[in-house]
Amino acid sequence: MNDNTALSPRERLANSRQAIVRQMGHDTATAVEHGGSADEIDASASTWSLVKQTALSWWQGHPASLALDFAQPRMERFAQEHPVRLLAISAGLGAAAVLFRPWRLISLTGLVFAALKSSEVAGLASSLLASGTRSDRFR
């Protein structure tokens, strides 16, 4: 016979919450009380860390990441040596962007289809799904 028959509904709820928290990977967590407490485990924080990890892995594989890693030390040195010139270049590029409005040349639908056709999106989705099946997802 099940031990839950002798427990009150409140105790069964607490046991159920503890089981859910343990299943999510928080073995040392105490019961999550209704109304929130200091010991409450925030599952959205774990989900957010998963999203950040997935985005970071996508960015590390992106070609622009390599270009940024290459350009960053040179830009820092240029900014230290010629800060006014860097500010003038930035202002000029900003003014050119406002005048030419390059975002009007590309349709949103075209960008969505290009992103969906990309093999990186498939890799990103598979890594997100694969990380969702790992037992240490919320650690």
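What share of the 139 residues of the chain counts as buried? The share is 8%, where buried means under 20% relative accessible area, exposed over 50% and partly exposed in between, with a 1.4 Å probe and protein chains only.

## Model and confidence

This is a predicted model, in which local features need pLDDT of at least 70 and side-chain atom pairs count only at pLDDT 80 or more, while totals for chains, interfaces and linings use all residues. Residues are numbered from 1 along each chain as its sequence is written, and side-chain values use heavy atoms, with hydrogens and water left out.

The pLDDT, the predictor's confidence in each residue from 0 to 100, averages 76 over the chain, and 71% of the residues score at least 70. A contact means heavy atoms within 4.5 Å.

## Fold

The chain has six helices and zero strands. These are DSSP runs numbered from the N terminus, with helices being H or I of at least four residues and strands E of at least two. Of the contacts between residues at least 6 apart in sequence, 42% join residues at least 24 apart.

The expected span of a helix is 1.5 Å times one less than its number of residues. Helix α1 (residues 9-23), with 15 residues, reaches 21 Å from its first C-alpha to its last, close to the 21 Å expected. Just after α1, Gly25 has a positive phi of about 105 degrees.

A kink of about 35 degrees lies at Ala71 in α3, shortly before Pro73. The bend is the angle between axes fitted to the seven residues ending at a residue and the seven starting there.

## Arg101

Arg101 lies in the loop between α4 and α5 (108-117). Its phi is near 45 degrees, a positive value in a residue other than glycine. Because its relative accessibility is 41%, Arg101 counts as partly exposed.
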